[in-house]
Amino acid sequence: MRPIAGTAIALEDGQHRWSFDALQAQVELAADALRSRGVRVLATLMDNSAAWVIADRAAARAGIVHVPLPVFFSQAQIGHALAACGADGLLLGPELAAHWPLAAADVFSLGGQRLHLLRLPAKPVALPDGTSKITFTSGTTGAPKGVCLSEASMEAVAAGLVAAMEPLDIRRHLCALPFAVLLENIAGVSAPLAHGATCLVPPLSQLGLAGSSSFDAGRFHEAVCRHAPESIILLPQMLRAWVGHLAGQRQRAPGSLKL
């Protein structure tokens, strides 16, 4: 899908906004920076943010395989995933940078965040032709397993979602799941942006999420009221907790929601 251009708002994190033109400009700059450093397989350990979206699209633009890793992975799980995909670059958000040796890391500024690119002594791994992204399972029932995806397959799914959601004409989507989860990655970012909608990308802590399972339904409700989205993707247990909170407080979900 061709990137949408213009002054309409593509990303909003609660403090800053980026138009589609501004987003594309940052993507081009980041793609050039990654190319110039010879990165072949880029892993990311980052909270939800505009910077994550820029890095994801920059990797695709530069022809670099992107490996989004959940920030709740243990060090052992991260190490396993990095070795399994042959990652030779690791992009770290500010909240995780303190846990890694950064003396020789390159510093990037994307989406208003200071990021660190750590080069890894990786052994190349043979990947299927056309691999653009590797998404890893949660690792709750064993070692995380990587699934290789092509850009064409992900674009086809996003285009199908855009067509299916057309009658609702959703203009604001609140990203409430980690971007490393493929569901939010495609249905919560790629599809809305392809439709010209705004993706609301606050840090997950502002939505009441911490780790892989902690969820504060009251804080989540406050965030939904504040951001006024028209759509959200929720896990069943998140929806159950939110409905319970609403019932206990004698409140209703915001009227902005269409889905």
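**Salt bridges in a predicted model**

User: What do the side chains of E230 and K258 meet in?

Analyst: They meet in a salt bridge, 3.4 Å from N to O. Keep in mind that this is a predicted model.

User: Where do E230 and K258 sit in the chain?

Analyst: E230 is in the loop between helix 6 (217-227) and strand 14 (231-232), and K258 is in the segment after helix 7 (236-249). The two are 28 residues apart, so the pair links distant parts of the chain.

User: Is E230 buried or exposed?

Analyst: E230 is buried, because its relative accessible area is 15% and the cut-off for buried is under 20%. K258 has 40% relative accessibility and counts as partly exposed.

User: How many salt bridges does the count come to?

Analyst: Eight.

User: Which residue does R37 form a salt bridge with?

Analyst: D106, with the closest N and O atoms 2.7 Å apart. R37 lies in the loop between helix 1 (20-36) and strand 3 (41-45), while D106 is in strand 6 (residues 106-110), so this pair ties together parts that are 69 residues apart in sequence.

User: How does R37 count for accessibility? And D106?

Analyst: R37 counts as partly exposed at 31%. D106 also counts as partly exposed, at 28%.

User: Switching to R17. What about its contact with E12?

Analyst: Their side chains form a salt bridge at 3.4 Å, N to O. R17 is exposed because its relative accessibility, 56%, is over 50%. E12 is buried at 10%.

User: Which residues are joined into one network?

Analyst: E12, R17 and R172, through salt bridges that share partners.

Conventions: Residues numbered from 1 in each chain as written. Predicted model: local features only at pLDDT ≥ 70, side-chain atom pairs only at ≥ 80, totals over all residues. Heavy atoms only, no water. Salt bridge = Lys/Arg side-chain N within 4 Å of Asp/Glu carboxyl O. Buried < 20%, exposed > 50% of the residue type's maximum accessible area, 1.4 Å probe, protein only. Helix = DSSP H or I, 4+ residues; strand = E, 2+ residues; numbered from the N terminus.
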